[in-house]
Amino acid sequence: MIAVPVGVRVLVATKPVDFRRGAESLAALVREQLRHDPFSGTIFIFRSKRADRLKLLAWDGSGLVRLEQGAFRWPPISDGVMRLSASQLAALVDGLDWSRLHARDVAAPIATS
């Protein structure tokens, strides 16, 4: 299981990448094409052409995570950007349909005296 800290930025590359690329090549892609710092703590997600595999690039000292299997339901692309929250990323990585996940309404506690 991949734990994603609350508040971390997650950016998804909207165009598929060649999965023969290594961590250094993906970091260069982040720098040159996405115009972001690959060492900023942001999680960058890349998908394969068939959208059945993904690679995550995150700088925490451990580098690249690669997932080989699964069926991933991708969020829509709007204005050339795909946005994910940390919980949506966790669902995506677990192979869940993130669009079906909804936060529960929790009633505020009533104070008793």
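## Threonine 42

T42 is buried, because its relative accessible area is 7%; buried means under 20%, exposed over 50%, and partly exposed in between, with a 1.4 Å probe and protein chains only. The model is predicted, so local features need pLDDT of at least 70 and side-chain atom pairs pLDDT 80 or more, while totals for chains, interfaces and linings use all residues. Residues are numbered from 1 along each chain as its sequence is written, and side-chain values use heavy atoms, with hydrogens and water left out.

T42 sits in the loop that runs between helix 1 (23-32) and strand 2 (43-47). Helices (H or I, at least four residues) and strands (E, at least two) are DSSP runs, numbered from the N terminus. Setting aside residues up to four places away in sequence, T42 touches R9, V10, L11, L57 and A58; contact means heavy atoms within 4.5 Å. Its side chain also makes a polar contact with the side chain of S40, at 3.1 Å. A polar contact is a pair of N or O atoms within 3.5 Å; within protein, one must be able to donate a hydrogen and the other to accept it, and residues adjacent in sequence count only if both atoms are side-chain atoms.

S48 is in the loop between strand 2 and strand 3 (54-57). With a relative accessibility of 2%, S48 is buried. Apart from neighbours within four places in sequence, the contacts of S48 are P16, V17, F19 and R53.

L56 belongs to strand 3 and is buried, at 5% relative accessibility. Between L56 and I45 there are 11 residues of separation in sequence, and their C-alpha atoms are 4.6 Å apart.

## The salt bridge

One salt bridge is found in the whole structure. The definition asks for a side-chain nitrogen of Lys or Arg within 4 Å of a carboxyl oxygen of Asp or Glu. Here the side chains of D18 and R20 meet, with 2.8 Å from N to O. Side chains of opposite charge can pair when their charged atoms come close.

D18 is partly exposed, because its relative accessibility is 36%. R20 is exposed, with a relative accessible area of 76%.
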